Amino acid sequence: MRFVLGALALMIVTPVLADSQLPPREITEATVSGFIRPTFHDLAGEAGALRDQIASLCASPSKASLAAVQVAFRSTVVAFSRAEFVRIGPLGVGDRLERLLFWPDRKGIALRQVQAALAAKDETATSPGSLSGKSVAMQGLVALEYLLFGTGAEELAGADGEYRCRYAAASSALISELTTMLDREWVDPEGASAHLLSPQPDYDDYRTETEVLEKLAATLIHGTEAIRDQRIAPVLGVAEGAPKPKSALFWRSGMTVPALAANFAGLHDYLVATRFAEAIGPTNSWIADGAVFEFENAARAIAAIRDAIEVAVSDEEQLRALKYLVIITGSLDTLLGENLAAALGLSVGFSQLDGD
């Protein structure tokens, strides 16, 4: 397969944006209506359900209620993982992304701060208003995962978990509030989508249709980079030479692999929604076909990782599948970051991961 892709990379890429039968505005409208709006709406719905489940747990703690909360958390992680790479628009404003997901966290800041709050039973962490003014590391999905799955989480099923539950409730309320805000801003015709759909020379963000398309295309490459550099590479421990499963995002909840699957699936669905394949025309169809082929390879590789990440990295077959995902992201980098951009006559620009 690598030889096939190598041959594809040598094919002539014909820039077609100026001659495309698909106007740039139609590409943007298709992306916003076909992927971005429904994806952020789903995220808001899952986060709201998680908030409500935690409120019920705190009111009537039990093993069944805790299990329902953990299921709701996992569903929220999947919904977030499908949406997180869309950092144009509302999610890229201020520290919103960090409030939802403080990651990478190479120094374990979130863990230390959450554990300190639990040890001191810091009441300022139990109110959404006061928690919102604290470190972003204490507020989002990483902090909430520890509260629901970390050491002592079983206390949430009984009276001993009263403080922990109130902290989790405050965290989930902030997550729900922010995801609802993102949803509303994307739906509002005068909100996030307005500048994307009607760029103007005097706008600070999107001045031309070409600039908009560059951002939409760059979203794909930044997404594959994030998967490789922030999700998989730390686990493989390339520099140290041995896997480090506890460097994985969401390892406590067993959601490392499902989140990866949702990352790849979200990028695939985003690519389909953009209608880039239609815009670049039949001459360059091999680019979109190659990308879809690699997304299918990613789905098969992830399906081969059957166990939780800490077990999977000790199994030769599953570790090989994880390493193969790195190769796939490299192919997608070329297809989406170089070939697709060239076919569209665009300049993707610098990586959003630079400096991480």
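Trainee: Which residues touch the most other members of the largest nonpolar core?

Mentor: This is a predicted model. Its largest nonpolar core holds 106 residues. The members that touch the most others there are Y167, L322 and L325.

Trainee: Which residues is L322 in contact with, leaving aside its neighbours within four places in sequence?

Mentor: L322 is one of the residues touching the most other core members. With the sequence neighbours set aside, its contacts are I232, V235, L236, L260, I305, I309 and V313.

Trainee: Is D229 buried, partly exposed or exposed?

Mentor: D229 belongs to helix α10, residues 209-236. Its relative accessible area is 37%. Buried requires under 20% and exposed over 50%, so D229 is partly exposed.

Trainee: With which side chain does the side chain of D229 make a polar contact?

Mentor: The contact is between two side chains, at 3.2 Å. The partner of D229 is R228.

Trainee: What average pLDDT does the chain have, and where is the pLDDT below 50?

Mentor: The chain average is 92, and 91% of the residues score at least 70. Residues 1-10 are below 50, with 14 contacts beyond near neighbours in sequence; a further stretch below 50 has 13 such contacts. Where pLDDT is low, the predicted coordinates should not be read in detail.

Conventions. Residues are numbered from 1 along each chain as its sequence is written. This is a predicted model: local features need pLDDT of at least 70, side-chain atom pairs count only at pLDDT 80 or more; totals for chains, interfaces and linings use all residues. Side-chain values use heavy atoms; hydrogens and water are left out. pLDDT is the predictor's confidence in each residue, from 0 to 100. Contact means heavy atoms within 4.5 Å. A nonpolar core is a set of buried Ala, Val, Leu, Ile, Met, Phe, Trp, Tyr and Cys residues joined through side-chain atoms within 4.5 Å. Buried means under 20% relative accessible area, exposed over 50%, partly exposed in between (1.4 Å probe, protein chains only). Helices (H or I, at least four residues) and strands (E, at least two) are DSSP runs, numbered from the N terminus. A polar contact is a pair of N or O atoms within 3.5 Å; within protein, one must be able to donate a hydrogen and the other to accept it, and residues adjacent in sequence count only if both atoms are side-chain atoms.
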